[in-house]
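The following note collects points on helix packing and selected side-chain contacts. Please read it beside the coordinates.

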Amino acid sequence: MLNKILLVEDQLSTSNYTYQILEKLDCKIMAQASSSQEAIQLAKDLKPNLVLLDINLKDRDDGIETASEILSFIDIPIVYITSKSDENTIRRIKEAEPNAFIIKPFDEKILKSALEIAVYRHQVKKELLKTKELLRSTIESIDDTLISFDIKGNIEYLHTNDFKNIPFIISESPLKKNFQDVFSKKISKLLSISFNNLFKTQKAQSFEFELKSKNTSRWYLSKASLRKDPDTNESVGVTLLVTNITAQKNMEKELIRNSEKLAEAQEVAQLGSCEINFKKNTLSHNDIFFELLDIEDYEEIISYNDRRIINTIHPDDKTRYLKSLKEAFSKKNENFSMDFRIIDKKNNIRYIHFVSKIFYSKYSEPNIILITIQDVSWQKESQKLWKDIFTMRKSAEIKEEFFQNTSHQLKTPLTDIVGILDLLNNTELNEQQKQYIATLKESSGTIINMINDILDVSKIEAGKMKLNYEKYNIRKNVKNIINNVSHIAKEKNITVNYDIDETIPDFIIIDGKRVNQVISNLLSNGLNYTNKGHVTIRIKAEESNDEHVIIYCEIKDTGIGIIKKDHKNLFKAFQKSNKTENSSIGSGIGLYICKNIVNLLGGDIGVESEKKKGSTFWFTFKAEKHNENHELNEPEIHNNEYKDTINKNELNLSVLLVEDKKDNQKVLTMMLESLGCKVTIAPDGQKALELYQENVINAFNIFGNVEYDLILMDLFMPVMDGVSATKEFRSKYKELPPIIGISAHDIDKSFQELHKLDFDDFITKPISVSSLENLLYKWKNRVNKNNDSNISGTEDIFIENLDNKVPIVNENTMNNILKQADGNVVKIRNVLNSFIKDMDDHYEKFNNALKNNEQEAIKNIILTVKGISATIGASRVHEISIRIEKYVTQNQLDQAKKLFKIMIEKYNEFKKYVDKIYL
């Protein structure tokens with residue numbers, strides 16, 4: 001349907017009449033013009049897809065000129081309208097080559113036909129031009145010489161990229177001349193024979209010829225084919241393609257000259273080779289050829305047709321081999337290769353890689369074939385092995401995805417269970433009810449731990465378990481871990497002791513979460529399998545220097561012990577000792593997870609145990625010592641004990657809860673309200689944006705809307721998910737309350753992950769009142785509506801994590817600089833010193849601009865700093881400059897000044913580092 005028609009007609013009655021007809025034809029006029037100038041301007045502005053144009057307009061006698069101007073800037077079909085039908089008018093219209101024209105007066109059928117013809121002709125014209133251009137570019141891209149002859153042998157067209165490379169043409173102006181006057185006598189004779197055979201057989205012909213000079217010899221391949229009239233199918237000429245095959249011929253000669261050397265190399269590489277001469281019906285070979293085929297008495301074999309060779313091929317591959325070889329001959333392929341199986345005398349299947357080079361005679365018949373074979377059985381086995389590995393990896397990824405989805409489905413209702421239990425626990429209960437709730441909470445915890453263990457196994461098998469290095473206090477964390485299991489020890493009347501050597505640093509750099517996981521798992525195992533006595537944690541430093549320490553940790557119990565033959569299976573997935581009283585305890589994957597975590601930490605793990613004599617599980621890991629340059633978050637372990645009473649007046653936060661599950665909405669709302677919060681619910685990200693927008697519009701709280709202090713955002717929702725909604729929030733609003741992500745998946749809380757997903761923090765399902773309370777208290781102190789500082793929680797996290805997550809120097813960038821300098825120390829020093837000089841200059845300029853509040857100057861300077869710091873690899877300086885630029889753009893110079901001080905610290909740090917390492 002044409003829905004963008006421009007009608008150009010100066011007669012109002014004709015214009016209206018045409019408009020009515022077009023409406024009946026379901027066409028739409030986007031605009032009407034009564035003059036040529038108006039028509040040209042409308043065509044420029046509106047870009048119609050067809051123009052109906054009267055060729056006689058008041059302001060210009062010839063509407064054809066108007067059409068010409070329109071076509072100069074837009075390619076569309078034009079239909080001319082005229083009231084004149086005299087011979088001169090019709091002639092002028094035809095010379096303009098319109099897509100169609102109609103003569104007034106006209107009716108609906110005439111107009112419809114004209115429009116259809118116009119659109120069709122315009123499309124055909126475009127396709128023809130496209131085809132013509134494709135043909136032109138294709139011809140010009142080939143290096144061969146292309147010549148077109150008419151039926152009498154006269155040259156109509158010649159294409160070559162270099163006339164110097166076609167010495168077989170002796171005429172300087174070959175066009176319109178007969179081939180006998182253009183080529184040498186020798187080549188003319190060959191062409192004449194080729195053309196005669198071509199017309200006689202109606203099949204393409206080819207021949208090779210050689211041109212010799214004093215120092216060189218060139219070979220060419222000529223291929224001739226017929227051109228036919230598409231209407232009559234009669235021959236109208238010949239197309240000749242001439243290809244320089246000198247390199248190919250030289251290679252053939254080189255192959256023959258080096259045949260002896262090749263034979264030696266083949267023997268060393270265990271390559272079998274043979275030469276088949278079809279003309280003489282003979283076969284010459286090296287000894288390895290028949291050894292690889294496991295054929296004896298091969299001295300008697302003189303013909304390639306000997307069935308003993310072919311019969312060696314596996315029955316399932318024999319037909320394919322013969323068919324492929326026959327096809328190669330029929331298509332005149334010069335190269336042929338394939339893999340097939342053979343069955344040797346011991347009925348072993350071996351794989352043979354078969355490669356051949358076929359040389360054809362001047363009559364295009366196979367003359368000689370050179371064959372090389374090699375036993376590639378080991379490669380096939382390797383390929384099979386890699387395929388199996390790939391299948392296993394794929395299976396592990398599918399398994400991980402399944403476990404992730406399953407855990408999401410399990411953890412979502414667990415949030416309701418844990419939340420309700422927490423809420424019930426803070427009501428008036430009798431002792432029996434409290435015992436019921438405690439049992440349910442313990443069971444829920446067991447389910448959660450099993451889900452987390454299964455997720456860890458899926459990560460391990462998919463190779464996706466990663467470490468997140470942090471500032472870590474091992475003493476504090478061990479105390480917290482023991483405190484978390486104290487109720488179990490108390491119930492069993494078991495003592496839990498710990499001994500941490502004074503040589504252990506107060507702080508180390510390690511993935512504290514994973515270290516805690518190993519210690520907790522081993523300690524829990526010790527408590528589970530110990531009925532009396534004690535469990536002791538001992539930690540000491542095995543090796544230590546200025547930068548690193550190797551830490552040894554053991555968990556020793558006085559439990560039932562493990563028989564020695566079960567030791568080897570303890571650290572395998574889903575393996576447990578089956579010779580113990582409590583063999584049913586646990587899922588059988590805890591120690592497997594511990595082993596993989598310890599391996600990732602660069603350590604080792606083991607066990608020493610005898611039945612009824614207790615067990616000692618030990619592990620080691622290597623950690624970096626903490627120093628002043630490390631400013632990282634320290635992971636905290638919170639006790640699982642909940643507060644007996646909650647002060648509802650302590651928080652008093654307004655929370656926008658974005659959650660699609662109705663049960664989770666109800667439970668989370670009750671939990672938040674129990675903590676003294678006001679809750680507004682949005683079922684998806686889109687609705688959350690709408691609710692927030694209402695508050696932005698209602699800035700003066702006329703309708704009683706609340707201003708949100710915190711947004712709790714579920715990641716996975718219909719309509720609009722949490723990640724998309726958060727990105728939309730960030731793009732629309734400069735100032736926002738903290739946005740906390742809710743997920744049933746295990747989210748990495750590192751700075752990069754938070755920053756990438758645009759969240760300020762995360763809380764993982766199932767959510768307890770305690771974990772929710774800790775989160776709200778954490779962010780309450782940062783929620784201040786009248787605070788002049790606009791540095792968000794994400795910015796705070798950035799500053800805290802900068803030194804750990806961003807290196808002083810980008811090693812890739814520095815390696816490129818060193819590579820470009822070719823190891824020249826002077827060049828390297830010049831590059832680094834010039835950067836330091838530039839930075840010193842910009843420091844002074846930036847300081848002056850800040851004092852005078854010159855925003856544009858500050859912006860230009862920080863843009864320069866951002867660019868040169870990235871170029872030189874000063875990563876921390878670069879990261880801070882990006883944030884300074886953001887605050888300068890928002891005219892928040894106070895925040896820019898704060899970050900500028902930090903940037904100078906990191907710049908001085910960079911100078912010291914570069915001076916020590918590179919200068």
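Which strands and helices do the buried residues of H15 pack against?

1. The model is predicted: local features require pLDDT of at least 70 and side-chain atom pairs count only at pLDDT 80 or more, whereas totals for chains, interfaces and linings use all residues. Residues are numbered from 1 along each chain as its sequence is written, and side-chain values use heavy atoms, with hydrogens and water left out.

2. The buried residues of H15 pack against strands S16 (470-472), S17 (495-500), S19 (534-544) and S22 (615-625), together with helices H16 (486-492) and H17 (512-528). Helices (H or I, at least four residues) and strands (E, at least two) are DSSP runs, numbered from the N terminus. Contact means heavy atoms within 4.5 Å.

3. Helix H15 covers residues 474-484, and its buried residues are Ile474, Asn477, Val478, Asn480, Ile481, Ile482 and Asn484. Buried denotes under 20% relative accessible area (1.4 Å probe, protein chains only).

4. Helices H27 (residues 855-872) and H28 (residues 875-889) pack at about 160°, their axes being 9 Å apart. H27 is therefore roughly antiparallel to H28, a term for angles over 145 degrees. Axes are lines fitted to C-alpha atoms, for helices over the stretch in contact, and angles run from 0 to 180 degrees between N-to-C directions. The crossing of H27 over H28 is left-handed, that is, the near helix is turned anticlockwise from the far one by less than a right angle.

5. In this pair, the residues of H27 that meet H28 include Ile858, Ile862 and Val865, and those on H28 include Val877, Ile884 and Val888. By class, the contact of H27 with H28 has nine nonpolar (Ala, Val, Leu, Ile, Met, Phe, Trp, Tyr, Cys, Pro), three charged (Asp, Glu, Lys, Arg) and five polar residues (the others, Gly among them).

6. His878 belongs to helix H28. Its side chain forms a polar contact of 3.4 Å with that of Ser869; such a contact is a pair of N or O atoms within 3.5 Å, where within protein one must be able to donate a hydrogen and the other to accept it, and residues adjacent in sequence count only if both atoms are side-chain atoms. Neighbours within four places in sequence aside, His878 touches Lys866, Ser869 and Ala870.

Conventions
Angles under 35 degrees count as roughly parallel, over 145 as roughly antiparallel, 65 to 115 as roughly perpendicular and the rest as oblique. Buried means under 20% relative accessible area, exposed over 50%, partly exposed in between (1.4 Å probe, protein chains only).
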